[in-house]
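Dear colleague,

I am passing on the model we spoke of, and below it you will find my notes on what turned up in it. Please read them with the coordinates open beside you.

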Amino acid sequence: MKLRTAGYFFRQAALSLWRNVWMSLAAAASVAISMFLLGAFLLLVFNVNHIANNLQSNVEIAAFLQVDVPRQVSLHIQDQVRALPGVTEVTLVPKEEGLQQLSQQFGSEQDLLAATGGVNPLPDYLRVRVADPQSIQSVAEAIKAIPGVEKVNYGQEVVERLFAVVRWLRWLGVGIIAMLGLGALSLIVLTIRLAVYSRRREINIMKYVGATDWFIRWPFFLEGLWLGLFGSGVAALAVYLGYRLVLNMVGPAAVFVPLIRDQGLLLWSTLGLVAGGSLVGALGSLFSIRRFLKV
Amino acid sequence: MSLIQFFNVTKQYPPNITALDDVSVKIDKGEFVFLVGPSGAGKTTFIRLLFREEVPNRGQIIIGGRSISRLKRKEVPLLRRNIGIVFQDFRLLPDRTVFENVAFALRVVETHPREIKPRVEKALAQVGLSNRARMFPHQLSGGEQQRAAIARAIVNNPGILVADEPTGNLDPATSGDIMKLLEEINRLGTTVIMATHAWDIVNSMRKRVIALQHGRLVRDDREGGYGYEA
Ligand SMILES: Nc1ncnc2c1ncn2[C@@H]1O[C@H](COP(=O)(O)OP(=O)(O)OP(=O)(O)O)[C@@H](O)[C@H]1O
Ligand SMILES: [Mg+2]
């Protein structure tokens, strides 16, 4: 394509956007809203996922042994657990130490012992760390299968509830964004259709004097592409600034809410939004060109 | 070989309208041809087939040695650049000056900008509208608007000019001027094909007349008259 022809297309597309300025704004705003929500959802899902992983990697397995196993057996079980695949660290907490920890919380050791008739009621237990948070459940089950192990605990419920939230969020997000995206797409189609309609005389004459199909189509294609690009550009900027704001607000409490501070994620998701919006715009105009611009 | 050849051309529209029925005709380069016939005879259809707005259901149309129903989509614009088209209702763009209306035909076929001004001026001079270049269509008389449309049709130097009832909206005196203009364009080498109802014009010009009726070619006279009112 010649440079001055490209210039002509750009001018025509800009003129056409301007001619139906309210329609153009509505279409761009619709792209902006759906792309902003997409961005917000993406970051939300990423972060909840991140937090869940974070929690899980801090979660230990506590394996309580049967009360009456001798220390010798406890040590043997510790070796067995250490040999399990995925286990990184196993600490044996003897029942005496357990009692001490308890009494620090409840007062004197003697009182506790007295209350239980002079017998330490606690079992030995093992604190187990695993390499991969995803494997925590299978490791826990393997430990439970070892003879002499009474009970296995890990922060299963919290973590699983979080992952359930993530799953749920994903579906909800996909649904809402698909609907909004469809809305944006149809607004773009409508805008281009209107533009084609308001220029139908010109298009007609262009055909008669021998303009090529693509010469006629290009300005409309550009128009749709720009609507997508403008809308998603605004959305990406809003997502970027919004996320920075959230990070700043969370700032001091970051220990409890470990948000993703990686600039890469933010960069890629904003770029993704712009790409997505442009795609919506391009698809919308291609569709309109096929349907309404039979050249 | 003739410039334009129709071989047994039939054009049907759904559901079962036969607009052209087995028409065969040859038109040579440089000819001036009237296409006559009552309303609904198939004149406009004939013209639309010529610049491939429609394709025939049967038969062949050859222009400049090429079958135009076999043209690829991409080749159709090139065919049309060699055919200037004029309509009864002028079809000028109301929001542009006469100059811009004519220049439009050059711009959209990617003519070099340097060539546009001299070529538009030449075309406007040829139709006698040099002093109306800056005016808008609504400021012109019907005859002047049709001249502007003719300038647009010839600015790209087409070998063929087709006109579908170009005088249909004009009074007799203005029609006469337009006919003189078309004759002049023809004299400079352009093949002119004109569909018309105006029997007085046809009778006075003594050009070739191709008559259609119910889609059939019923008469083809070298120096004919309109013939139906007679
Ligand atoms: N797009 C179309 N769809 C269906 N029928 C059509 C179409 N165009 C033309 N026809 C029919 O084909 C026949 C020939 O029409 P055409 O327009 O060629 O006649 P014409 O000679 O130009 O008439 P007029 O002098 O009134 O302009 C008519 O019966 C018309 O109704
Ligand atoms: Mg007609």
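Chain A brings 19 residues to its contact with chain B, and chain B brings 24 residues to that contact; please keep in mind throughout that this is a predicted model. The area buried between chain A and chain B comes to about 1900 Å², and carbon and sulfur atoms account for 55% of that area. On the side of chain A, the residues that lose the most area to chain B are Ile205(A), Tyr208(A) and Val209(A), which together make up 36% of what that side buries.

As for the charged and polar pairs, the rule finds two salt bridges across the interface of chain A and chain B, and it also finds seven residue pairs in polar contact there, both residues of each pair being at pLDDT 80 or more. One of the salt bridges joins the side chains of Arg73(B) and Asp213(A), with 2.6 Å from N to O.

Which helices of chain A each supply at least two residues of the side that touches chain B? They are helix 1 (3-19), helix 8 (200-209) and helix 9 (213-250) of chain A, and the largest share of that side, eight residues, comes from helix 8 of chain A. Sorted by class, the residues of the side of chain A that touches chain B are eight nonpolar, four polar and seven charged.

Turning to the ligand, there are 14 residues around ligand 1, of which Ser39(B), Lys43(B), Thr44(B), Thr45(B) and His197(B) come nearest. By class, this shell around ligand 1 is made up of five nonpolar, six polar and three charged residues. Strand 2 (17-27) and helix 1 (43-50) of chain B each supply at least two residues of the shell, and helix 1 of chain B gives the most, with four residues.

An N or O atom in the side chain of Ser39(B) is 2.5 Å from an oxygen atom of ligand 1, a polar side-chain atom of Lys43(B) lies 2.7 Å from an oxygen atom of the ligand, and for an N or O atom in the side chain of Glu165(B) the distance to a ligand oxygen atom is 3.3 Å. Ligand 1 taken alone exposes 630 Å², and the protein buries 65% of that.

Over all chains, the structure holds 24 salt bridges. In one of them Arg208(B) pairs with Glu31(B), the closest N and O atoms being 2.9 Å apart. Because Arg208(B) lies in strand 9 (residues 208-213) of chain B and Glu31(B) in the loop between strand 2 and strand 3 (32-36) of chain B, the pair ties together parts that are 177 residues apart in sequence.

Finally, there are two points on the backbone of chain B. The peptide bond from Pro14(B) to Pro15(B) is cis, with omega near 0°, and Pro15(B) has its place in the loop between strand 1 (4-13) and strand 2 of chain B. Glu110(B), a residue other than glycine, has a positive phi, near 60°, and is placed in the loop between helix 3 (98-107) and helix 4 (113-127) of chain B.

With best regards

Definitions and conventions
Residues numbered from 1 in each chain as written. Chains lettered and ligands numbered in written order. Predicted model: local features only at pLDDT ≥ 70, side-chain atom pairs only at ≥ 80, totals over all residues. Heavy atoms only, no water. Near = heavy atom within 4 Å. Polar contact = N/O pair within 3.5 Å; in protein donor to acceptor, adjacent residues only side chain to side chain. Areas by Shrake-Rupley, 256 points an atom, 1.4 Å probe, with all protein chains shown as cover. Nonpolar A, V, L, I, M, F, W, Y, C, P; charged D, E, K, R; others polar. Contact = heavy atoms within 4.5 Å. Buried area = accessible area lost by both parts, 1.4 Å probe. Salt bridge = Lys/Arg side-chain N within 4 Å of Asp/Glu carboxyl O.
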